Amino acid sequence: MTVTLALLKLSQEQVREKILHTWASGEKSWVIPIHLGPLNLSITKIEWFLFIGVAVTFLFLFFGSRALKNRPGAYQVLVEETYGFGRRMLGGQIGPEGMKWFPYTLSIFVLLLVLNLIALIPNTYPVTSNLSFTGALAILTFILTQYEGVRRHGLGEYLKSWVPEGSGRLMAPALWFLHLIQEFTKPLTLAMRLYANIIAGHLIIFVFLSFILYYGIYFAVVSVPLAVVFYAFEIFVAVIQAYIFAILTQVYIELAIYGEG
């Protein structure tokens, strides 16, 4: 028995490989090679779970909005509550004109929530722990924000709105430049916040479970309950991080609509 337990123990390097296996396997598993000249467009495990998340989100929202009945079942109630949540908690943060963007931010919220929850299933891949994905979504938010600001005010007035009214001529250029930096840091913080929170949560769970491999099976008495607690906490993180990304996207767009000066 002692020999068997000793064999379960791994070196620090082996434990590190086990912990990082989820992310390392993302680019090497379930690969469909697609190469267009120098471009590598191969589909990997990362893309597969992104496709699954998009499909679940589309089916949930599309069919939910077209299968309405006078006596709603559990599915219709869930869809209606999700829609009501979007209207109450996402749209119109600054003014009524922002309501037209809540279908977009609600879709972002549902997609991120689905991806975060799928990632909690063993042997899946946490798409939102991939900085390329969160960065692409954040850049899309940046583009839509600038588009809405220019469309609403015109380019000149939109750029002028970056300086608070009453600022002196001496301070105005500095304030405008600071706002320019702020506009570019918004997508950066959006992407990093989601990426860092999701990857940190998964790493903590893996680290607790890896203690069994490093110290032996007896350590499961401590590490498994702690991993279960953090797993439950990760469900909360999955919801709150999806909401934070969606609400900040909504606020940034509405700030562009109403002007920040």
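Contact is defined here as heavy atoms within 4.5 Å. The structure is a predicted model, in which local features need pLDDT of at least 70, side-chain atom pairs count only at pLDDT 80 or more, and totals for chains, interfaces and linings use all residues. Residues are numbered from 1 along each chain as its sequence is written, and side-chain values use heavy atoms, with hydrogens and water left out.

The protein chain contains nine helices and two strands, where helices (H or I, at least four residues) and strands (E, at least two) are DSSP runs numbered from the N terminus. From the N terminus on, the order of these elements is α-α-β-β-α-α-α-α-α-α-α. The C-alpha trace spans about 80 × 60 × 45 Å along its principal axes. Among contacts between residues at least 6 apart in sequence, 70% join residues at least 24 apart.

Of the 261 residues in the protein chain, 38% are buried, that is, under 20% relative accessible area (1.4 Å probe, protein chains only). A nonpolar core is a set of buried Ala, Val, Leu, Ile, Met, Phe, Trp, Tyr and Cys residues joined through side-chain atoms within 4.5 Å. The largest such core has 34 residues, and Leu90, Phe109, Leu112 and Phe245 have the most contacts inside it. At least two residues of this core come from each of helices H3 (45–66), H5 (102–118), H6 (131–153), H8 (172–215) and H9 (220–258). The most is given by H5, with eleven residues. Apart from its neighbours within four places in sequence, phenylalanine 109 is in contact with Phe85, Leu90, Val239, Ala242, Tyr243 and Ala246.

Note on methods:
Buried means under 20% relative accessible area, exposed over 50%, partly exposed in between (1.4 Å probe, protein chains only).
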